[in-house]
Amino acid sequence: MNEENVVILTDEEGKDVRFVHVMTFDFEDSFFVALTPEEDVEGIENGEVLILEVLEDEDGSDCYMPVEDEDRLDRIWEEFERLYYEDEEQPEES
């Protein structure tokens, strides 16, 4: 696995969890990151994609926050799928 595509997050118990970066995208004036766990994680199914909002903390560093509003998350998910499958449909350049 290319380490550039790995994001390490800390869970509620302080344990580091490795995720593979699927994509970062903007939508409705916010940035979002799509991640999938590199290994089995409790509460996350194999192959499941998590979408988190990218926000700045008080130090100006990026932090990833879950989207709490279900309607907003549905709209964000639709945009993710549109972008993800759009990328798959692009022919490879030689």
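In the predicted model, 5 strands form an open sheet in the order S1-S2-S3-S4-S5, with antiparallel pairing; strands are DSSP runs of E of at least two residues, helices are runs of H or I of at least four, and both are numbered from the N terminus. Pairing of two strands requires at least two bridges between them according to DSSP. Strand S1 (6-10) and strand S5 (62-66) are the edge strands, each of which pairs on one side only. Neighbouring strands of the sheet are turned against each other by 50° on average, direction ignored, the axes being lines fitted to C-alpha atoms, for helices over the stretch in contact, and angles running from 0 to 180 degrees between N-to-C directions. Residues are numbered from 1 along each chain as its sequence is written.

Strand S3 (residues 30-37) and strand S4 (residues 50-56) run antiparallel and are joined by 5 bridges. Leu35 has Leu50 of S4 opposite. Thr36 also belongs to strand S3 and is buried, with a relative accessible area of 16%; buried denotes under 20% relative accessible area, exposed over 50% and partly exposed the range in between (1.4 Å probe, protein chains only). A polar atom of the Thr36 side chain lies 2.8 Å from the backbone oxygen of Glu48. When residues up to four places away in sequence are not counted, Thr36 touches Phe19, Val20, Val22, Gly47 and Glu48, contact being defined as heavy atoms within 4.5 Å.

Side chains of opposite charge can pair when their charged atoms come close. The whole structure contains 5 salt bridges, each defined by a side-chain nitrogen of Lys or Arg within 4 Å of a carboxyl oxygen of Asp or Glu. One of these joins the side chains of Glu38 and Arg18, with an N to O distance of 2.5 Å. This pair links distant parts of the chain, 20 residues apart: Glu38 is in the loop between S3 and S4, and Arg18 is in strand S2 (residues 16-27). Glu38 is partly exposed at 27% relative accessibility, and Arg18 is partly exposed at 29%.

A further salt bridge is formed by Glu53 and Arg72, whose closest N and O atoms are 3.1 Å apart. Here too the pair links distant parts of the chain, with Glu53 in strand S4 and Arg72 in helix H1 (residues 70-89), 19 residues apart. Both Glu53 and Arg72 are buried. The side chain of Arg72 also makes a polar contact of 3.3 Å with that of Ser30, a polar contact being a pair of N or O atoms within 3.5 Å; within protein, one atom must be able to donate a hydrogen and the other to accept it, and residues adjacent in sequence count only if both atoms are side-chain atoms. Apart from neighbours within four places in sequence, Arg72 is in contact with Glu28, Ser30, Phe32, Glu53 and Val67.

Within helix H1, Glu86 and Arg82 lie 4 residues apart, about one turn of the helix. Their salt bridge has its closest N and O atoms 3.2 Å apart. Glu86 is partly exposed, with a relative accessible area of 35%, and Arg82 is likewise partly exposed, at 43%. A network of salt bridges links Glu79, Arg82 and Glu86.

Key: Predicted model: local features only at pLDDT ≥ 70, side-chain atom pairs only at ≥ 80, totals over all residues. Heavy atoms only, no water.
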